[in-house]
Amino acid sequence: MSVSIRLPAALRPLADRKAVVEVSAATVAEALEALAARHAAVRAHLFAPDGSLRSFVNVYLGETDIRALQGPATRLKDGDELVLVPAIAGGAPAAEAALSPDELARYNRHVILPEVGVEGQKKLKNARILIVGAGGLGSPMALYLAAAGVGRIGIVDFDAVDASNLQRQVLYGTESVGRPKLEAAAQRLRGLNPFVEVVGHALRLDAGNALGVFAGYDVVVDGTDNFATRYLVNDACALLGKPNVYASIFRFEGQVSVFWADKGPCYRCLYPEPPPPGLVPSCAEGGVLGVLPGVVGALQAVEALKLVLGIGEPLIGTLLTYDALEASFRRLKLRKDPACALCGPHPSVTRLIDYEQFCAARRPKEEPMSVPEITVEELKARMEKGGVVVVDVREAHELEICRLQGTKHIPLGEVPQRYKELDPQAEILVHCRSGARSAKAVKFLQEVGYKKVSNVAGGILAWAERIDKSLTTY
C-alpha cells in the first residue's frame, strides 16, 4: 500500500525538510517503521527505547486518532494519509523556578551584574546543558557550570578515572582513581553546588542514541577527544537545531568556537572531512600541558553561559585559537559553506551515520600494508637469547619515563637519515609506545631492503602490562 505521512514542522529538519513522506506499508506500525528506517534521525522522536510509540506523539489516520482504532496495528489502504502530531513547546513559557534566599546569597556576584541580574540567574537555574566527555575539557566546564548555577548538567561518559588523568582532569582526586567518572563527577559537583541537578549518561554515543540524549538539553558542549564523536556531536546538534560549543586541544594549543547551523557555520563547514587515521596524533600520543584544558574548557563554559543568558557575542562564525607558549589569542572568521553536506541548501547528510566508519574511510589507499609482528613475550625470549637488535623509535623525552635496557634509540623522524646505522643482516625488532610508530619504521626498513625486521605489537605498553608491571607507563 502506498501511504503518505505528513510531518510537523519540528520533524521536517530530520527528514530532508520534507513535509510529506511516501512509504509502502499495510499497517500504521509498518508505516512509522518505514519512516524511521528512511530517516533515522526521526526514530528517537517516535519510538521509546523499548520500541513502543512515544506517549507524546499522536498519530491520526485522516481525522481519527489511531488510539480510537486499533492503534499501531490499524490497517491501511492505498492512498491513506497519516498525520503526526507531537507535543510542542510553543505558546506561553513555562513558569521559571524561583531563586531561594540561599541561592541569591550564593550567586550574589552574578546578580549584581546588570547583564545577569536575578532574571539572568533564573535563566541559568532553568537551563539544561549537556557535556559530552568528562575528561580534560569536561572537568573545568562541569565545575564552572555547576558553580554558576546551571540547573541541570548532563554528562556523557563511560570511562573510569585513571591515575594518568589527574595531571589535567581537575574534577577528580587521587581517591577517585578506579571509580566511574560519572560517579566521581556527580559527587564532586553536588558537593560544590547542591542546588544543581547532575544527570549521568553512562554510554558510548552513537548514531542510535545521540538524538535521544541531546533532545533533553538546550546547549551541547563538546569535550571529546576523537574525530568520530566530534562529527557525531556536530551532526546531531545540527539536525536538532541546537548550539554546539566546540573545543579541541593538543600539546600547547587550543581552539574554541560555537557551531550552530541555524545561525552560522557548523563543524563540517570548517572541516568537511576528517584527516586520515593516524595523521593527527592524540593527546595520549603527543601530550598536553596540564593547564591547557583548564583554559580552553573555561572558555567553553563562558560561551555556554553566554548562550543561555543571551548576552555578549558568542563565537558563532568565529574560531578562537590559543597558543600557551606565545600567550596569544587569535580570532579567525569562519564562513558558512554553501556546499556543506550537512547545513548547506542541498544537504546530503540528513541523518546520523556510522561515524567510526566515516572517519576510517579517510584512510589513504597508499597506507602501509601490514608488517611482520612479534609479541612482547617473543621479544623477551629473543632478547634473553641474544643476537638481536632492538630499536626504540620513540622521542627522547619518552625514554625518560621508561625504556627497555639494551635498546638502540632512533626516533621515527630520524629513521630515513640514520637507518644505515643498522646492520641489514641482523635481526631487527622495532618498538614504540603502542606499536603504531614502530610499524611505520618497519615498513620503511623493508622498503630500503631490510629483510629480517619485525614490529613489536603493543609496544612498551604491552611490555609493562604483560612482562614487567613495575614499569612506569604514560
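Mentor: Start with L429, whose bridge partner in β18 is S454. Keep in mind that this is a predicted model, with local features needing pLDDT of at least 70, side-chain atom pairs pLDDT 80 or more, and totals for chains, interfaces and linings using all residues. Residues are numbered from 1 along each chain as its sequence is written, and side-chain values use heavy atoms, leaving out hydrogens and water.

Trainee: What makes β17 and β18 a pair?

Mentor: Pairing takes at least two bridges found by DSSP between two strands. Strands β17 (residues 427-431) and β18 (residues 453-456) run parallel and are joined by 3 bridges, so they pair under that rule.

Trainee: And why are β14 and β16 at the edges?

Mentor: The open sheet of 5 strands is ordered β14-β18-β17-β15-β16, with parallel pairing. β14 (373-374) and β16 (408-409) each have a single partner strand, so one side of each lacks a neighbour in the sheet. As for the labels, strands are DSSP runs of E, at least two residues, and helices are runs of H or I, at least four, numbered from the N terminus.

Trainee: Which helix lies across β17 and β18?

Mentor: Helix α17 (residues 436-447) does, running at about 175° to β18. Angles go from 0 to 180 degrees between N-to-C directions, using lines fitted to C-alpha atoms, for helices over the stretch in contact; contact means heavy atoms within 4.5 Å.

Trainee: How do you know that β9 and β10 pair?

Mentor: Strands β9 (residues 219-222) and β10 (residues 244-250) share 2 bridges in the parallel sense, and at least two is what the rule asks for, so they qualify. In β10, N244 is the bridge partner of V220.
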